Structure formats: structure tokens, C-alpha cells
Amino acid sequence: MTDLQAMYYLAGRAHHGVIEACLGDKLKDDRVDAGEFQKHDIYYSPDLRMPYPWEIKTTRSMYEPKSDYEKKFEGYLNQLTQYQVMEDTDKGGLLLFYLCLKQAGQFGMKPAIRFYKVIMTKAERVAKLKWMRGTKKALDKAIETKTHDALDLCPEFMCKECLWISKCSPCKDDPKRKQYDPTESKDL
Ligand code: SF4
């Protein structure tokens, strides 16, 4: 982890902890802190289960999407929907804390909270579980063989500050990532 990544983590974790505390006593009303759970031989740890899984995220984005939520929240949804699969529930909650959102009619940027209820069909959960099992198998193999070729690439934004980029060379699988590869770009 780079120093900058550690700072990002610290900023996100600090806000995250305060938001969780504001939501009330964890032991009340069956509201349960994540903890760690295991199902289908896979470990998972949602932020909250109250009574369906929630994922809490902090974002520095200045704009909230008005459409195409699935694409814009792709990474968040990929994580949350896996908890929905594991908890076998059609509902999930995505709570976003915008640190500095520009809003119409307001001067400057202000913090704001948004909450999205995420609904999955049974068929979507079955398909996701199949993908999760495949990913677990690929991960096990990667650990055993010490090669990462069978794994999906991480979300693109992560490549920008990744310490392993020269070993990973993500532009081999995704030419759009050429810009992040120090062996390919003189700008970095
Ligand atoms: S360079 Fe590879 S390991 Fe690093 S974030 Fe990108 S895809 Fe993931």
C-alpha cells in the first residue's frame, strides 16, 4: 500500500465508523455488525445486516449520477450484490456519503448522504453465485500456482496507483489501461 492509499483508507474508514455509529446500537432490533461469515466456502463481511445487507461508501465525487446507476456504481454494486447472494435476499442497501457534492441551487460543495435500495431477482442471484464460485476457483488456483492470469482485472481506477502494475501488465488484457502502465507510458 502506498502512503497515499493509506491516507485514502484512513479518510474513508474514519467517516465510515462515524456513520455506522450514527445508525444506532448494533445489538438493537437485530441490527448486526458485519463480522465475518462463511457460505459456499466463501468468506464475506457486509458493513451491516439490518435486516438486509448494507454497504457504506465514502466518495469524493462532486456529482451524483442521474441515470445509468448500474454502470456508474458498478464497483459498489458488484460488492453489495455478492452480500445479497450470500444472505439470500433480494434487497440490499447502498449508503453513499458524498464529501463534497455540487448541488443545483447551492453555493459551493457540501457533504450529502444518499441511500439506494438495490433489488436483485432470483435469477440474478443464481448467476452471481456462479460467477463468485468461478472467481473463488480462479483465486485458489492463482495462490497455488502463483500466477494471476486466470483472474479478472481489478476495477480500472485501481490501476492508477497500483504497486504491482509492472508485474500485472493489465494492458495485455485491456488495451484501454495502457495509460497506467509505466512501461508503456512516458507520462507516469
Ligand atoms: S495493475 Fe493489476 S493488480 Fe494492480 S489494480 Fe490493476 S488489475 Fe489490479
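Reader: How far apart do the C-alpha centres of domain 1 and domain 2 lie?
Author: This is a predicted model, and the domain assignment of the protein gives domain 1 as residues 3-151 and domain 2 as residues 153-188. Between the C-alpha centres of these two domains the separation is 24 Å.

Reader: How many helices and strands does the secondary structure of the protein come to?
Author: Read from the N terminus on, the elements run α-β-β-β-β-β-α-α-β-β-α-α, and the C-alpha atoms fill a box of roughly 50 × 50 × 30 Å, taken along the principal axes. The secondary structure therefore comes to 5 helices and 7 strands.

Reader: Which element gives the most residues to the largest nonpolar core?
Author: The largest nonpolar core has 11 residues in all, namely Leu48, Trp54, Ile56, Leu77, Leu80, Tyr83, Val85, Met86, Leu94, Leu95 and Val118. Two or more residues of this core come from each of β5 (53-59), α3 (74-86) and β6 (91-102). With 5 residues, the element that gives the most is α3.

Reader: Which residues of α3 are buried?
Author: The 13 residues of α3 should span 18 Å at 1.5 Å a residue, and the end C-alpha atoms of α3 are 19 Å apart, which agrees. After α3 comes aspartate 88, whose phi is positive, near 50 degrees. Within α3, the buried residues are Leu77, Leu80, Thr81, Gln82, Tyr83, Gln84, Val85 and Met86.

Reader: Which residues does leucine 95 touch, not counting residues up to four places away in sequence?
Author: Leucine 95 is one of the residues that make up the largest nonpolar core, and Trp54 and Ile56 are also among them. With residues up to four places away in sequence left out, leucine 95 touches Trp54, Ile56, Ile113 and Phe115.

Reader: What separates the C-alpha atoms of methionine 50 and glycine 92?
Author: Methionine 50 lies in the loop between β4 (48-49) and β5, and it counts as partly exposed because it has 18 C-beta neighbours inside 10 Å. Although methionine 50 and glycine 92 are 42 residues apart along the chain, their C-alpha atoms are separated by 9.6 Å.

Reader: Is aspartate 68 buried or exposed?
Author: Aspartate 68 is found in the loop between β5 and α2 (69-72), and its phi is near 55 degrees, a positive value in a residue other than glycine. Most residues other than glycine have a negative phi. Because 9 other C-beta atoms lie within 10 Å of the C-beta atom of aspartate 68, this residue counts as exposed.

Reader: How far apart in space are aspartate 140 and serine 67, C-alpha to C-alpha?
Author: Aspartate 140 has its place in helix α4 (residues 122-145), whose 24 residues should span 34 Å at 1.5 Å a residue, in agreement with the 35 Å between its end C-alpha atoms. Aspartate 140 is exposed, with 11 other C-beta atoms within 10 Å. In sequence aspartate 140 and serine 67 are 73 residues apart, and in space, C-alpha to C-alpha, the distance is 37 Å.

Reader: How many residues of the shell around the ligand are nonpolar, polar and charged?
Author: Around the ligand are Leu153, Cys154, Met158, Cys159, Cys162, Trp164, Ile165, Cys168 and Pro170. This shell divides into 9 nonpolar, no polar and no charged residues.

Reader: What phi does serine 169 have?
Author: Serine 169 is found in the segment after α5 (165-168), and it counts as partly exposed because 14 other C-beta atoms lie within 10 Å. Although serine 169 is not a glycine, its phi is positive, at about 45 degrees.

How values were computed:
Residues are numbered from 1 along each chain as its sequence is written. This is a predicted model: local features need pLDDT of at least 70, side-chain atom pairs count only at pLDDT 80 or more; totals for chains, interfaces and linings use all residues. A residue is near a molecule or strand if its C-beta atom, placed from the backbone, lies within 6 Å of it. Ala, Val, Leu, Ile, Met, Phe, Trp, Tyr, Cys and Pro count as nonpolar, Asp, Glu, Lys and Arg as charged, and the others, Gly among them, as polar. Domain bounds come from an automatic or database domain assignment. Helices (H or I, at least four residues) and strands (E, at least two) are DSSP runs, numbered from the N terminus. A residue is buried if 20 or more other C-beta atoms lie within 10 Å of its own, exposed if 12 or fewer, and partly exposed in between; C-beta atoms are placed from the backbone. A nonpolar core is a set of buried Ala, Val, Leu, Ile, Met, Phe, Trp, Tyr and Cys residues joined through C-beta atoms within 7 Å. Two residues are in contact if their C-beta atoms, placed from the backbone, lie within 7 Å. The expected span of a helix is 1.5 Å times one less than its number of residues.
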